[in-house]
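Subject: Structure handover

Dear colleague,

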Amino acid sequence: MARKGIKNVVLKFIGASFIVYLFLFGHTILMVHKEYNTVDKKSALITRRDTMIQAKPKIKEPIDGYFNQFTVSYKSFKEGFHSNAHCIGDNFGEDSWKYRSCHFQNLCFDTDTREYVMFASPETQTLNDAMMNPQLTFFHPASDMKNTSVSLGGLNPKWGDEHKLMEWYPKFRDIADLKTQGGYYQLGADKVLIPWYSMTGFNPGHLVWDDFLPIYTLLSAFDLVEKDLVLMRIDVSIAMWASCQRKWDLCEPMLKKFLPLLGTELSKTSTQNDVSFELVKKGARNSKYICAPHAAAGMGYLTDHGKKHHGWFKKDYNDAYNSGRGGQVYQFRNWMIDHLFDGNFPNEKISKEPYRIVFSNLSSGKAHRSVDFTKHSQLLERRLGSKYNLDIRLAKLSSMSLKDQVELTASASIFITTCGGGAVTSMFLPKGASVLLYFSDYKISDKPWVTDTEAKLDWDLLNNIGYLRAHWLPRAKSKFNPKSGEPSLKQSEIDLDALVKLVDSELDIISHLDDYE
C-alpha cells in the first residue's frame, strides 16, 4: 500500500509539472506568434525573457516652451551633464567626413549664435587631449569628438570642390558656460534632432532618394527609426548649386507636399537662422540652449548614387552601389506609408483581379522625359483586356495629392513610367509588383554632363529593390518630320509588340503569386 501511495504521489507531481510546462510553453507561443502578439507588433520576435522585463513608466515632463512647435522642458544644470558622439563609417582618409555618420547625445543648439554645440565630459576632454599628442602611435577611437566631421547632406557629384562646404561638426563649449546659464531646455527623449542639407529637394526623385532615404539610413544605423524627427536645415556660407538653399521657391511646395512621409510637416522645420522658440509663460528665457538627448547627422554618401552620377556617364554603370539594399528600401517604403496613413493602410493582394496597371503620364517637366502613354494604355486594353480583368489608370501624378498617389500605386500590379524624378512613386508599389521604365537611348542634350550613354537614370537603386521587378524599355526615338519641320516621336511596332508580351508575362507571374505561399 505504501509503495502504491508513493507511486500515486509521483504521478500527480509529474502531471502537475506537465500542466505548468504546457501553460508556460503555450504562453510563450502566444507571445511569439505575430497574430497574437499584443506587446509589440513591430518586433520580429518576442521571447519569454522580453516579457519578464518591466517597461519603465513614462514620466510626463512639464511643458515649458515650444521649439519649432516641439515641446521642451527646462532642466536645471546638474554635475555630470555632458555630450557624447558615436561615429561610424570612417575610412581613415582625408575624405572620411563624406562617409561618416554620427549619433549625438545631448547635442545643444545655441539660440543666440545659431550654432550647434557640445559639452565634453572631463574624461572625454582628457581623451581628446591625448589624441593630440604628436608622439602618439595611431589611435582611432569612435568616441573622438574633436578630430572629426560629417557631411550635412547628400553629396552631388556636380558640386566638385564645393563639396567642402558640406563638411560640418558641432562646436565645443566649456561646461562652465552651461553652468553660467543655470540649465537648458530639453527636447523629449522620443525625438531625434537632424541637422541636414537638402541636395535638390525641388525634384521628387532627388528629395526622396537623396534626402529622405539617407535620413532613414542614418536613423536605422543607430536604431532611431521609431523616434519623431526634428528637422533643421543648415544654410552654409555659399548656397550650393541646385540646392534648396539656392532654390527655396521651388523646394518649399515640394517639401510641404512630401514631408508627411517622414511624419512631420514644413511648419515644424526651419533653418538655423529662423527657428521658433516660444515659452509657455511670458518672460525672460532661463537659458539660451536647446538640448536633444538624441541627434544624428552625416548623410554624405548615403544617397542612392553614392559618389557616382545617376546614370549620365558610362562609368556610372561600372559598379553597383545599392547591392543588398533592397530590404532596407522596403522597410523605408513601409515606414513612409505608416507615417502618411498613421499606420492604417491596408495591404491588398495584387494576385487577385482586377489587375491595376498605372501609367505615370507626362511625368516630367523636361520634354525628353515626358511621354504621353495614351496609345500604350489603349494598346494593352485592346490586346490583353479579354485575357485579364484589367483596371488601367492613366494618371498625371503631379496633379494628385500625395495620399492619392500612394493609394493608387500601392494597390497596383504594374507601374509604367519614364525614368527620372517621376519614377519615384514606383517605390510605393506592393511586394511582387513590376515597374516598367522608359529611358532615352540617344543623346538628349548638349549639356556637358550628358553623354551618348543610354541614360537609365537611377538604375542602381531600381535594379536592387528586391520587392519589385524592374524592366527597362527604350523611349520612342525622335525623327525629323520634313512636312512640319519638327521632330516627331514614333514607337516602332516591334517595341510596342514587345511591351504587350512583357506585360502579359508579368500579369501571368503576378496572378500566380499565391501559389508560392
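The notes below take up a sheet, a loop residue and some salt bridges.

This is a predicted model, in which local features need pLDDT of at least 70 and side-chain atom pairs count only at pLDDT 80 or more, while totals for chains, interfaces and linings use all residues. Residues are numbered from 1 along each chain as its sequence is written, and side-chain values use heavy atoms, with hydrogens and water left out.

An open sheet of mixed pairing is formed by 8 strands in the order E9-E6-E5-E15-E10-E2-E1-E14 (strands are DSSP runs of E of at least two residues and helices runs of H or I of at least four, numbered from the N terminus; two strands pair if DSSP finds at least two bridges between them). Strand E9 (171-172) and strand E14 (277-279) each have a single partner strand, so one side of each is left without a neighbour in the sheet.

Asparagine 156 sits in the loop between strand E7 (150-151) and strand E8 (167-168), and at 6% relative accessibility it counts as buried (under 20% relative accessible area, with exposed over 50% and partly exposed in between, for a 1.4 Å probe and protein chains only).

The count of salt bridges comes to 20 (a side-chain nitrogen of Lys or Arg within 4 Å of a carboxyl oxygen of Asp or Glu). In one of them, aspartate 460 joins lysine 308, with the closest N and O atoms 2.8 Å apart. Aspartate 460 lies in helix H10 (residues 459-462) and lysine 308 in the loop between strand E16 (295-297) and helix H7 (326-341), so the pair ties together parts that are 152 residues apart in sequence.
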